[in-house]
Amino acid sequence: MVIDTEALSARYREASVDLYSKRLRITNFHNTQQENDLTEPPNCKGFGRIRHFRRSSNNDWPCNPLPIDPACRALGLQATNMIRAQVFQSAACNWRCWYCFVPFELLSANRKYSEWMSPSQLIDLYLDQPDPPSMIDLTGGQPDLVPEWVPWMMAELKERGLERQVYLWSDDNLSNDYFWQFLSDADLELVATYPKYGRVCCFKGFNSESFAFNTCAEPDLFDRQFQLIKRLLELGIDIYAYATFTIPAASEIVADMARFVDRLQAIDHDLPLRTVPLEIQAFTPVKGRLNDGTQAALRNQYLAIEAWKTELENRYSCIERSQSITDISLHTKQLL
Ligand code: SF4
């Protein structure tokens, strides 16, 4: 099955946003398979969950400083290895990554598992808890099927005078240009200038083969991932990247990883230093999707990460590689 990304994005956007009332469909975790995987029960009447982001990794996989370091920097907190975040999850995604830890039934704007919620209701729920985390994470799903969600949340936080106390973080699978299609110039300006916001963009592979294998989308959309992150960087948003390295065939890993890093550097010389490889692990929903190809892909990611590390060692000094991810300045905007 190959997903028609354009058609599915349009269908899920239609089902996920109520522009008139400024609401979108948010997952309620109660009575879902995902609820069983959570280490703590859902909060916010089922519409939220607390996530503990941790820097450390198992084995030799690089540590993940996201979103810990950007949040600590923005909030003026001491560096730490763990941060709590209030997560809200949009109820639709236009891709179907086999390694997604969200059950697919929670990605189709399913009315059984989601309800219409406004940013005001979400912030009310967030504040109505004993110890609200200082970070809110807008995740999915693909939050940018409803790109209005981010500026709506920013406006709501500003309205309540919380824009300097709460760090806002959102995910983007780099699948469409809805951000520019549907946001007004005023919205773009708000997102670009909001004081405490970071966005992580996910490369779903390091070549078109791994991308298509991972997402079920058309392989040529891998190229569009680079175009989209470049446009976001040009706006001046505080952008970071994730990359997944699962691939079924091991034959071209070294050469293709070199090309992947070339392409990141073509956007900005230091973008690879703001890119964090994610180790894919077999969480509960993933176990049911494993087959010979995905098992091989899980193994091959460990070859790919070695190729990634070698590329970075060849291109950056030890000092450059050991900088905090928040100290890596990108120059994309200034170059325009
Ligand atoms: S893009 Fe993200 S939310 Fe969508 S299926 Fe892939 S991992 Fe899951």
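The shell around the ligand holds 6 nonpolar residues, 4 polar ones and 1 charged one. This is a predicted model. Which residues surround the ligand? They are C93, W95, R96, C97, C100, V102, L107, G140, G141, Q142 and N173.

Now step back to the whole chain. The protein chain contains 14 helices and 10 strands. Its C-alpha trace spans about 50 × 40 × 35 Å along the principal axes. A compact globule of 336 residues would have a radius of gyration near 20 Å. The protein chain has 19 Å, so the two values agree.

How much of the chain is buried? Buried residues make up 44% of the 336 residues. Here, a residue counts as buried if 20 or more other C-beta atoms lie within 10 Å of its own. Next, look at the contacts with a separation of 6 or more: 80% of them join residues 24 or more positions apart.

What does β4 pair with? One partner is strand β3, residues 48-54. β3 and β4 pair in the antiparallel sense, over 7 bridges. Within this pairing, H52 stands opposite R84 of β4. Another partner is strand β6, residues 135-139. β4 and β6 run parallel and are joined by 4 bridges. Find F88, then look across to β6: its bridge partner there is L138.

Conventions: Residues are numbered from 1 along each chain as its sequence is written. This is a predicted model: local features need pLDDT of at least 70, side-chain atom pairs count only at pLDDT 80 or more; totals for chains, interfaces and linings use all residues. Helices (H or I, at least four residues) and strands (E, at least two) are DSSP runs, numbered from the N terminus. The radius of gyration is taken over C-alpha atoms; the globule rule is 2.2 Å times the number of residues to the power 0.38. A residue is buried if 20 or more other C-beta atoms lie within 10 Å of its own, exposed if 12 or fewer, and partly exposed in between; C-beta atoms are placed from the backbone. Two residues are in contact if their C-beta atoms, placed from the backbone, lie within 7 Å. A residue is near a molecule or strand if its C-beta atom, placed from the backbone, lies within 6 Å of it. Ala, Val, Leu, Ile, Met, Phe, Trp, Tyr, Cys and Pro count as nonpolar, Asp, Glu, Lys and Arg as charged, and the others, Gly among them, as polar. Two strands pair if DSSP finds at least two bridges between them.
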